[in-house]
Amino acid sequence: MGELDADADGRYGEAVFRPEQAGEGERIDFGALAYDDITMARLRALGVGPGWHCLGVGAGTGTVSRRLLEELGVASVLAVDRDVRFLTRRPGLDLVEADITAPGFAPGRFRLVHARFVLMHLPAYRRLIATLAELVEPGGVLVLSDAVDLTGDRTPGTPYRAAMRAMWQGLRATIGTDVTWVPSYPQLLRAAGLRRVGAELHVPPLLPGSPISRFWADTWERSRAAMVATGLVDDAAVDEAVRYLDSDECAALSAGMLTAWGQRP
Ligand SMILES: C[S@@+](CC[C@H](N)C(=O)[O-])C[C@H]1O[C@@H](n2cnc3c(N)ncnc32)[C@H](O)[C@@H]1O
């Protein structure tokens with residue numbers, strides 16, 4: 001299924017992952033703790049540093065925006081999100097509350113445009129990749145990260161696998177989340193006119209109490225209704241999966257983070 005036939009009518013932050021629901025900022029932070037070091041290493045390797053003006057798309061709690069300023073010494077970051085309650089303005093860091101799918105979203109041109117775990121939730125991802133590529137100034141880079149589901153038909157039937165499969169299917173049905181296209185990022189970035197395209201995959205270990213394990217447990221709690229509605233799991237199965245994640249029994253592969261990048265000619 002592609003973006004034209006996505007049938008979910010809910011939206012991120014409304015049907016699921018509402019920012020006003022207690023703990024949503026902490027959930028985003030668990031994801032950030034699991035992946036920020038990988039993201040920062042890639043941005044550093046791409047040469048991001050002093051003098052760069054950067055756009056953070058769907059910036060969440062702003063951990064990458066802050067680290068761009070503090071660790072890489074960039075000149076400025078404009079952090080955009082549909083809801084900026086978890087972000088704080090500070091020298092070098094400006095905020096815009098905007099829906100990036102809205103027609104006319106045009107915050108300017110930037111040497112770095114970065115979005116992580118945003119486009120996978122937006123059925124218009126193909127158009128948005130083109131839009132974001134347009135926001136990169138010549139010579140600048142677009143860096144996009146999203147999730148890759150590593151459960152498969154031959155993955156052992158653990159409580160974790162059942163919950164993950166129900167989560168992806170439930171999110172797809174309620175808000176249009178789709179990670180099946182994410183491995184196509186390199187080709188999608190080429191098609192958007194970028195060159196020197198590269199991509200890499202990182203899978204954090206699912207250890208009891210780790211940030212990524214806590215991220216999935218929180219994410220299941222927030223998407224529980226959508227998961228149960230798939231008919232693939234019931235409440236008891238979600239509870240069992242949460243317990244499994246936090247136990248020594250847990251033996252599974254987290255979803256990975258695929259990061260793809262390309263330079264604007
Ligand atoms: C899973 S969080 C990721 C946050 C951050 N990028 C990170 O990796 O830590 C997704 C973020 O995208 C934002 N978002 C979702 N849809 C959006 C839209 N249409 N326009 C702007 N922001 C959006 C959400 O509000 C949320 O902050």
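In this predicted model, strand S1 (residues 53-57) runs parallel to strand S4 (residues 110-116), and four bridges join the pair.

S1 and S4 belong to an open sheet of seven strands. Read across the sheet, the order is S3-S2-S1-S4-S5-S7-S6, and the pairing is mixed. Which strands stand at the edges? They are S3 (93-97) and S6 (195-202). Each of these has a single partner strand, so one side of each has no neighbour in the sheet. From one strand to the next, the twist averages 15°.

Helix H2 (residues 63-70) lies across part of this sheet, namely S1, S2 (76-81), S3 and S4. Its direction is at about 175° to that of S2.

Helix H1 covers residues 24-45 and helix H6 covers residues 211-222. Their axes are 8 Å apart and the packing angle is about 150°. Angles over 145 degrees count as roughly antiparallel, and H1 and H6 are therefore roughly antiparallel to each other. H1 passes H6 in a left-handed crossing. On the H1 side, the contact is made by Arg 27, Phe 30, Gly 31, Leu 33 and Ala 34. On the H6 side, Pro 211, Ile 212, Arg 214, Phe 215, Asp 218, Thr 219 and Arg 222 take part. Sorted by class, the contact of H1 with H6 has six nonpolar, two polar and four charged residues.

H6 also packs with helix H8 (residues 235-245). The axes of H6 and H8 come within 10 Å and cross at roughly 170°. That angle makes H6 roughly antiparallel to H8. Ser 213, Trp 216, Ala 217 and Trp 220 of H6 meet Val 238, Ala 241, Val 242 and Leu 245 of H8. How many charged residues does the contact of H6 with H8 have? There are no charged residues in it; seven are nonpolar and one is polar.

H8 has a further packing partner in helix H4 (residues 159-175). Here the axes are 8 Å apart and the angle is about 120°. This makes H4 oblique to H8. The crossing of H4 and H8 is left-handed. From H4, the residues in contact are Pro 159, Tyr 160, Ala 162 and Ala 163. They meet Ala 237, Val 238, Glu 240, Ala 241, Tyr 244 and Leu 245 in H8. In the contact of H4 with H8, nine residues are nonpolar, none is polar and one is charged.

The last topic is the ligand. There are 20 residues around the ligand. Of these, Gly 58, Gly 60, Arg 82, Ile 100 and Arg 116 come nearest. Which element gives the largest share of the shell around the ligand? That element is H1, with three residues. By class, the shell around the ligand holds eight nonpolar, seven polar and five charged residues.

Technical notes
Residues numbered from 1 in each chain as written. Predicted model: local features only at pLDDT ≥ 70, side-chain atom pairs only at ≥ 80, totals over all residues. Axes fitted to C-alpha atoms, helices over the stretch in contact; angles between N-to-C directions. Helix = DSSP H or I, 4+ residues; strand = E, 2+ residues; numbered from the N terminus. Parallel < 35°, antiparallel > 145°, perpendicular 65-115°, else oblique. Left-handed = near helix turned anticlockwise from the far one by under 90°. Contact = placed C-beta atoms within 7 Å. Nonpolar A, V, L, I, M, F, W, Y, C, P; charged D, E, K, R; others polar. Near = placed C-beta within 6 Å. Pairing = 2+ DSSP bridges.
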